[in-house]
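The exercises that follow are each paired with a worked solution. Please examine the sequence and the structure before reading on.

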Amino acid sequence: MANWPETTRLIGTRIPRLDGLAKASGKAKYPSDVHPEKMLFGAILYSPHAHAKITSIDTTAAEKLPGVKAIHVVAKAGATLRYQGDFIAAAAATTEEQARDAVRAIKVEYQILPHVVTEEQAMAAGAPAINRGGNVRAGRASVHGLSDQVLAEIEKTVNDLPAAEKDKRRKEEYEKAVNDVLGKADAVVEGTYSLPVITHTCLESHGLTAHWTAADKLTVWASTQGVQVVANELAGAFDLPASNVTVLTDFMGGGFGSKFGADIWGKTAADLAKKTGMPVRLFLDRAQEHLAAGNRPSAAGKIKIGATKDGKVTGLIADTHGTGGFPFPYVYEIPVSTRVHSDVFVNAGGQRAFRAPGHPQACAIMEAAMDDLADKLGVDPLEFRIKNLPTDFHGPLYEAEIAMGAELIGWREKRKPRGQTGTGPIRHGMGMALHQWGGGGAQDKKVSCTIHPDGSVELKSATQDIGTGARTVLAIIAAEILGLNPTDIISNIGNSTFPPGQASGGSTTTPSMSPPCYDAVTKARDELFKKIAAAVNAAPDQLALKDGKLLVKGEPAMSWKDACRKLGMAPVSETGSFVPGLSSVGVGGCQFALVAVDIETGVVKVEKIVAIQDSGLIIDKLTWESQVYGGVIGGLNYGLFEERVMDPTTGVMLNADMEMYRLAGASDIPEIIVRAYEPHEQKARGVIGVGEPPTISTAAAIGNAVSNAIGVRVSQWPMSPRNVLDALALASKEGKA
Amino acid sequence: MTEHDPKGRGAPGGASRREFLRGSGVAAATAVLTGQATAILDEAQAAAQDSGPKILKGEVELTLKVNGHDHACTVEPRSTLLDTLRDRLDITGPKRVCDRASCGACTAIVDGEPVYSCTTLAVSCQGKTIETLESFDTGEHGVPHAFCKDDGLMCGYCTPGFVTACKAFLDKNPNPTLEEVRKGIDGNICRCGTYVGVLQAALDAAKAMKGA
Amino acid sequence: MKAFDYAAPTTLEDAVKLLDGPGSVALSGGTDLISRMKDYVTSPERVVYLKDVKSLAGISGDAAAGFTIGAGARLSDIAANRALAEAYPALHQATVEIGSVQIRNMATLGGNLLQRPRCWYFRAGNGLLAMKDGKSLVKAGDNRFHAIFMTDGDALFVSPSSLAVALAALGATVTVAGPKAERTFKIEELYQAPKRPDESEHTITHGEILTKVTIPAGAGKNASYEARHKQAQDWPLVLASVNLGMNGETVSSARIFVYGVAPIPWKSTTAEAEIVGKRITPETAAAAGEAAAKGSAPLSMNAYKVPLLKTVVKRAILAAVGNRYWEV
């Protein structure tokens, strides 16, 4: 068991990242920048069809083109292609232009198969079945809060039915039971809410540069968030000892959950490099990045929820579907609920983890329903939320965070009831939403710390920086313990041969890596003290480090470098492991949005977002804030702009670019106020990650703010002019607005 | 004589040759295909070759002036400035992201103006002055320093484009307001969401550059 | 992108010669053409770079005589020209909203006017009319960004040039040079709705080069207003440009063109008729907006463009007399 120091000099302050200048000056070499000698350029042929079988594939002509050194076919005759963007083959050539020509010269004959690419198509009666078990896989209904007796009765009713009817009947019985509860509610709302598929759109596309340094030794520069995952995958694919594969990721251009593995393109790059005996660079083009490199699944839900006059939710029925799953209900204490979820299969690229998987969808749908219910009850949605907070430790946490956020957005003074927002064309509205995330750290990661006689300090671990500042966080911890500056620390990560490090996902990197870093540096420092104590005529426990100096019995005795020189020729090197007490798991968080909606154009401008986030002890406030800003902006994109558009007839993605696939630019960014909720008891929890939580509730808060502004629920995200104007037109037709 | 171009994004079929000949010009539409197409082409070529400018084809030897140095390289007419910088000259500050003039990651400064190098042909840059961010002042009066100090970057892949767009903007607008900065860098997209730091960095760099 | 031959003439005469052959295309800014070539939507055999033809660039004239803008003038040059901005706010407002700093530095007036539609079916290689097995992909598919006028025809894309709309409202003419005689005609006549798959959306052919745009003097009260999804670089959803001749307080003549609603720059004769003879008030402007929607026939996913159209016409009219009520 260990604790972070009570008072800190560096931890919790704002420290620019160590590699910031390298990135900002163009000198940082990303995996897609690396150019080993004799390197060939790769290009990929991928499926132009949503669903097809390859009847023949002929590379003869392609192989004869100038500059072409090798072609590697993955999908051979007979292979089925399941989506536009599915991998077929790749070529390696002297120039990139030649490689692109080569893949276009591969002659492929396809047998086109029927496709479904939208949820609507997949779920339509008579749709071609593209998935074994059907295009729609209904899960079993789940239930919460019914008494054992009621559940037993339901099981009795269901028991004698044939297997195929059981699930359906159980769902009906659950809903009947919850409906009984809702029948006693003072207000009940029913709404349907939906969010589209969005893609990760990593700016550096997926891929790697492969280089065989010997017949059985492979080095790759991979754009990945898991150097060791990629190393193990490649070692397996080429039947190599794991130690013969080195994955290097000094920098990488964004992953967001989609870049853990080597992927088929990574293996193909290594194959091409092996065939040609030359290094090969192979990265996806922008379109394939959208098509094949992952996405956040869609989500839709028909929600029925009720509450009593005094604002207590009594029950909820949810019928949800999407191209993936999500947790539901979300955050709030719902006494009785039932839910059934259906996974919908389409001929489009598969989902991958995407910054807080499932949570943004769950949050948007839950918070929309909560807001609509508060509106029906005629109560302040903020007060309504407070009455239905979870009863565990999150409850008081949320309450404190809501108070902070409400103050900063001006909720009590400025917020008007839904729709009562004036008469001009521009309507202002406010909305809020709560989120939760687990995070936490792995306990099997290691960091090594070497103190050299010249005073240099080197940390090593096989983690990587996905953009959160991992390198800098480790250096800050080391500098704090050694009385040095972060810039004095050489923080080496992004190499799979280093001590086991955490893959960057799920907000786990900092909580996984901080404890072993603390442990390694503490051990190295103690070892240093042991080794030099005699030379400074003191006992090891009479030594300390402060402001770049060695203190002997509390008095400055010499500089850090002079102290290290006393090591003679032998450096000190220690490996640190997980230590309990330095990290924790589980966060809340809340966000508020202020929007201006032009009801004549449907254009939504977000004017202000307030984000309150807890995450235990913060190591670097500057990069921590950046992650929260970034999470909010990601959520703003989800709330306002993003949407994968599929064509039902041709089965292709219509906006696989960065023009019609819209992402915010500088003029779309509102004022964003970020605050850490970090009272003493939060700091005492230790380190918790922050990558995911702040991106969860932004789209939900924006959706609620839009409804507040215009008096009408816009039930489809994103909050585009089309969706806003369509919602207004529908309400007008129904006489609601 | 319909030649089927596989369409973009790996798809087959697509615009026929006849089709692209109609109205496919940026500043001009072109001749319709006739029975004497080949003859016309040859004639026109011959005429142009006699008196007019050189027609470049195949591989082209080129000298580009980048960051104050002349770089000789071999390109094709279709090689973009971006691919030439990155693949041939190992100048990898400018990044390839959208590759279609939408995101700004490839921004380079040509004859003093920021442009998208992904949709600029290298052959059209002969004789022009090309600057990339590798040539910028990395000291505390420079734009890169402000990006680092204000954490106007996360993964850093869009950062070169933002730094370049900012530098070009500030050179022409030394005293910008926040709104002017936004407009000035609206041609760039960041996915991590670094805009708050980027905008602060631009304002801070404007002040710092005056001290240089 | 397929390989091609390349030439960079410095005179208009050479440019015309080089373009007078099949498979030749002209390249200016490249932001559209190069992207299309990368997507293999356009694969020329020869690319003729026009930016070195200095005679194509330049802006001349004054408020009294009218202005001539070379087709090679960059959008950033047009945006920065104060005299143009003062005489033709409709042009200035449309120009500064196009693309980004980088786009405006690269793109030229000629390139903007002759860029190809952004229709995503066209860009995916399905041709301008986007027909498959005799059926319209647009009608069966995602047509949120498509036309709401002329939808009984086969061309459902929207004409992509916002400058064409502003310049048409201002009564501009274009001049084209080619192997035959130079000719000058109204800018709106540069565009047509193709009826067959082999028809172009532009009326100039045979190696003609657009050389200049002339805007007459004496424009009325004019303005452009656009609605778009993003505030940063984005395409307008719908944009209106108006040019109102005034007799005292009364509108004596009106030219109103709209972007984003038809396969051509859409001349809203109904809105023009509604506003002529009226004083400009919020009510008459709104009535003109309502009138603009007459005859619109949206597709399955773009009915929202009807209220947008009404709004942008109303706002452009009011902006022309300095009433920007939505900015309060």
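**Exercise 1: Asp263(A)**

Determine whether Asp263(A) is buried or exposed.

Solution. The relative accessibility of Asp263(A) is 15%, so this residue counts as buried (buried means under 20% relative accessible area, exposed over 50%, partly exposed in between, with a 1.4 Å probe and protein chains only). Asp263(A) belongs to helix H8, residues 263-276 of chain A (helices are DSSP runs of H or I with at least four residues, strands are runs of E with at least two, both numbered from the N terminus). Its phi is near 65°, a positive value in a residue other than glycine.

The model is predicted: local features need pLDDT of at least 70, side-chain atom pairs count only at pLDDT 80 or more, and totals for chains, interfaces and linings use all residues. Residues are numbered from 1 along each chain as its sequence is written, chains are lettered from A and ligands numbered from 1 in the order in which they are written, and side-chain values use heavy atoms, leaving out hydrogens and water.

**Exercise 2: a loop of chain A**

Locate Pro329(A) and Val331(A).

Solution. First, Pro329(A) is in the loop between strand S17 (313-322) and strand S18 (336-344) of chain A. A cis peptide bond, with omega about -5°, links Phe328(A) to Pro329(A). Next, Val331(A) also lies in the loop between S17 and S18. Val331(A) is not a glycine, yet has a positive phi of about 65°. With a relative accessible area of 8%, Val331(A) is buried.

**Exercise 3: chain C**

State how many helices and strands chain C has.

Solution. Chain C has 13 helices and 14 strands. Of its 328 residues, 65% count as buried.
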